[in-house]
Protein chains: 2
Amino acid sequence: MTNYYGSQVSRLIEEFAKLPGVGAKSAQRMAFYVLKSPQERALALSSAILAARNTAKYCKFCQNLTDEEICYICKNDDRDSRMIMVVESPQDMAAYEKTKEYRGLYHVLHGAISPMDGIGPNELRIKELLSRLSSESLITEIILATNPNIEGEATAMYLSKLLKPLGVRTTRIAHGVPVGGDLEHVDSVTLLRALHGRQEL
Amino acid sequence: MTNYYGSQVSRLIEEFAKLPGVGAKSAQRMAFYVLKSPQERALALSSAILAARNTAKYCKFCQNLTDEEICYICKNDDRDSRMIMVVESPQDMAAYEKTKEYRGLYHVLHGAISPMDGIGPNELRIKELLSRLSSESLITEIILATNPNIEGEATAMYLSKLLKPLGVRTTRIAHGVPVGGDLEHVDSVTLLRALHGRQEL
């Protein structure tokens with residue numbers, strides 16, 4: 001990239017362009033925003049990056065992101081500690097938290113089994129899940145909420161084979177047509193899953 | 001926003017979301033990228049923000065962004081110092097530099113006249129342009145390359161009225177159909193401008 005704006009500005013544009021989903025044009029727009037905004041804004045962004053990178057860690061129980069040793073969900077006595085929902089990422093956990101319905105605990109795997117990407121069961125936080133099962137005798141149900149794609153399904157399958165022999169109830173979130181959509185835009189695999197999973201009214 | 005990931009991570013997501021063109025989802029993706037990447041990457045981004053904000057200044061001649069007192073274009077003796085192209089932003093300057101054809105100098109206004117946004121001629125770097133005209137007697141042509149929208153046209157009109165009495169040749173970049181497009185997708189104002197600006201072959 002030619003150095004049109006001086007080396008420091010070019011460096012900032014390059015750094016922004018390394019972020020996921022940020023192209024050359026957006027990176028340039030972000031850099032100019034930083035340059036035009038007050039000094040405090042640049043300082044706030046810069047220090048937020050360092051602070052988050054330095055303090056964020058995984059909850060010792062559920063592996064969710066947190067600033068402390070134990071995350072706010074595992075710490076909360078009002079949660080139903082008999083249920084653990086297994087998700088791939090903290091974002092998926094947040095998505096279910098937004099429903100404000102689920103009151104159980106979570107377990108974040110930090111990925112899904114994907115041999116193509118060299119990710120096997122050992123790369124995921126599965127042993128942490130097993131050690132919770134052996135130490136927290138209250139747990140009666142594990143809800144597998146990995147993504148409804150090939151990797152997520154394979155991970156759910158793998159986990160169910162691992163967990164069932166332990167005598168804990170293992171369930172999978174339902175597949176079906178999304179609420180609010182048009183049937184004509186739903187793929188046929190989903191339509192068939194919705195048909196097979198039909199329920200009495 | 002609920003604090004799903006601990007306060008430092010949430011703060012980082014909020015800071016990213018303040019950048020132009022970055023929504024809540026992209027901000028979250030960026031934050032997780034920073035958390036997952038090596039410490040050095042976070043440090044590089046964070047320090048690039050501060051370095052750019054602290055060192056970037058405007059060239060004392062053309063008002064382009066630079067780390068030094070005089071930008072690399074104004075410093076370059078090979079450039080044709082008889083021509084000044086007036087643009088709205090450093091990005092527009094960079095766009096013309098990429099053509100690798102224009103060899104004259106630039107002048108960056110840092111905006112365009114826009115009464116709706118409270119931007120009048122005094123908010124733009126116009127007096128700096130006039131002082132270049134009075135001190136650099138070599139200048140024979142001012143090319144007005146403000147954007148082809150209402151604000152840019154108004155600014156070009158304003159500047160031409162200001163500059164013509166000074167006896168300097170003042171030109172405006174041509175309007176017409178963009179190269180490589182389909183006529184059917186070009187708006188009618190542009191089509192008419194292209195017709196009126198037609199040239200002998």
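I142(A) stands opposite T170(A) in β6(A). Four bridges join β5 of chain A (residues 141-144) to β6(A), and these strands run parallel. Two strands count as paired if DSSP finds at least two bridges between them. Helices (H or I, at least four residues) and strands (E, at least two) are DSSP runs, numbered from the N terminus.

This is a predicted model, where local features need pLDDT of at least 70, side-chain atom pairs count only at pLDDT 80 or more, and totals for chains, interfaces and linings use all residues. Residues are numbered from 1 along each chain as its sequence is written, chains are lettered from A and ligands numbered from 1 in the order in which they are written, and side-chain values use heavy atoms, with hydrogens and water left out.

**The sheet in chain A**

- Four strands of chain A form an open sheet with parallel pairing, in the order β4-β3-β5-β6.
- Its edge strands are β4 (104-108) and β6 (169-172) of chain A, and each pairs on one side only.
- From one strand to the next, the twist averages 25 degrees. Angles run from 0 to 180 degrees between N-to-C directions, and axes are lines fitted to C-alpha atoms, for helices over the stretch in contact.
- Helix α6 of chain A (residues 126-135) lies across β3 (80-87), β4 and β5 of chain A. Helix α6 of chain A runs at about 145 degrees to β4(A). Contact means heavy atoms within 4.5 Å.

**The sheet in chain B**

- In chain B, four strands form an open sheet in the order β4-β3-β5-β6, and the pairing is parallel.
- The edge strands of chain B are β4 (104-108) and β6 (169-172), each pairing on one side only.
- The twist averages 25 degrees from one strand to the next.
- Strand β3 (residues 80-87) of chain B is joined by four bridges to strand β5 (residues 141-144) of chain B, and the two run parallel.
- M83(B) stands opposite E141(B) in β5(B).
- Helix α5 (residues 90-98) of chain B lies across β3 and β4 of chain B, at about 160 degrees to β4(B).

**How the two chains relate**

- Two copies of a chain are related by a rotation about an axis and a shift along it.
- Here, a rotation of 180 degrees with 0.0 Å of shift along its axis superposes chain A on chain B, with an RMSD of 0.1 Å. That is the relation of a two-fold axis.
- The copies are superposed by least squares on the C-alpha atoms of residues with pLDDT of at least 70 in both.
- S46(A) comes closest to the rotation axis among the residues of chain A, at 2.2 Å (C-alpha).
- The same surface serves both copies: 100% of the contact residues of chain A recur in chain B.
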